[in-house]
Amino acid sequence: EAISSVAAVYTADSAMEWCLHEQRARPPSVSAPTISIGATYVIYFGAGLASCTSAETPLNHRAVGTYRGVTRSLDMGE
């Protein structure tokens, strides 16, 4: 479980970094990151899914990474 936990945290961190980049980059990139190890992620803004656009408050997101049944979450807030 420890290796899966590290992979889930890595995935959540990668998603959060991409979201932060999207909100500050001009122009933003066109695609979300893909994680080649088979992990998945979801980014939330408040109670809903995030688009990671500059229209959203920049530092109030949560990224949830999952790998082999292990889920880890990272929050970014003001």
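Trainee: What makes strand S1 and strand S3 a pair?

Mentor: In this predicted model, 6 bridges join S1, residues 40-45, to S3, residues 61-67. Pairing takes at least two bridges, so these strands pair. They run antiparallel. Tyrosine 41 stands opposite glycine 65 in S3.

Trainee: How do you know that S1 and S2 pair?

Mentor: Here the count is 2 bridges. The rule asks for at least two, so S1 and S2 pair. S2 covers residues 48-49, and the two strands run antiparallel. Tyrosine 44 stands opposite leucine 49 in S2.

Trainee: Which residue takes a positive phi in the hairpin of S1 and S2?

Mentor: Glycine 46, with phi near 65°. The hairpin has 2 residues between the strands.

Trainee: What is the order of the strands in the open sheet?

Mentor: The order is S2-S1-S3-S4, with antiparallel pairing.

Trainee: Why are S2 and S4 said to stand at the edges?

Mentor: Each has a single partner strand, so one side of each is left without a neighbour in the sheet. S4 spans residues 70-76.

Trainee: How do you know that cysteine 19 and cysteine 52 form a disulfide?

Mentor: Their sulfur atoms are 2.1 Å apart. The cut-off is within 2.5 Å, so the pair qualifies. The count by this rule comes to 1 disulfide.

Trainee: What parts does the pair tie together?

Mentor: Cysteine 19 lies in helix H1, residues 2-24, and cysteine 52 in the loop between S2 and S3. The pair therefore ties together parts that are 33 residues apart in sequence.

Trainee: What is the hand of the link between cysteine 19 and cysteine 52?

Mentor: Left-handed, with -105° about the S-S bond.

Trainee: Why is cysteine 19 called buried?

Mentor: Its relative accessibility is 0%. Buried means under 20%, so cysteine 19 counts as buried. Cysteine 52, at 2%, counts as buried too.

Trainee: Why does serine 14 count as buried?

Mentor: Its relative accessible area is 18%. That value is under 20%, so serine 14 is buried. Serine 14 sits in helix H1.

Trainee: How far apart are the C-alpha atoms of serine 14 and alanine 63?

Mentor: They are separated by 8.9 Å. Along the chain, the two residues are 49 residues apart.

Trainee: How many helices and strands does the protein have, and how do they run?

Mentor: There are 1 helix and 4 strands. From the N terminus on, the elements run α-β-β-β-β.

Trainee: What makes the protein as compact as a globular protein of its length?

Mentor: The radius of gyration is 12 Å. The globule rule gives 12 Å for 78 residues. The value is close to the rule, so the protein is as compact as a globular protein of that length. Its C-alpha atoms fill a box of roughly 35 × 25 × 15 Å along the principal axes.

Trainee: What share of the residues is buried?

Mentor: Buried residues make up 33% of the 78 residues. The accessible surface comes to about 4800 Å², and 57% of that belongs to carbon and sulfur atoms.

Trainee: What share of the contacts with a separation of 6 or more joins residues 24 or more positions apart?

Mentor: Such residues account for 52% of those contacts.

How values were computed: Residues are numbered from 1 along each chain as its sequence is written. This is a predicted model: local features need pLDDT of at least 70, side-chain atom pairs count only at pLDDT 80 or more; totals for chains, interfaces and linings use all residues. Side-chain values use heavy atoms; hydrogens and water are left out. Buried means under 20% relative accessible area, exposed over 50%, partly exposed in between (1.4 Å probe, protein chains only). The radius of gyration is taken over C-alpha atoms; the globule rule is 2.2 Å times the number of residues to the power 0.38. Contact means heavy atoms within 4.5 Å. Accessible areas come from the Shrake-Rupley method with a 1.4 Å probe; for residues, only the protein chains shown count as cover.
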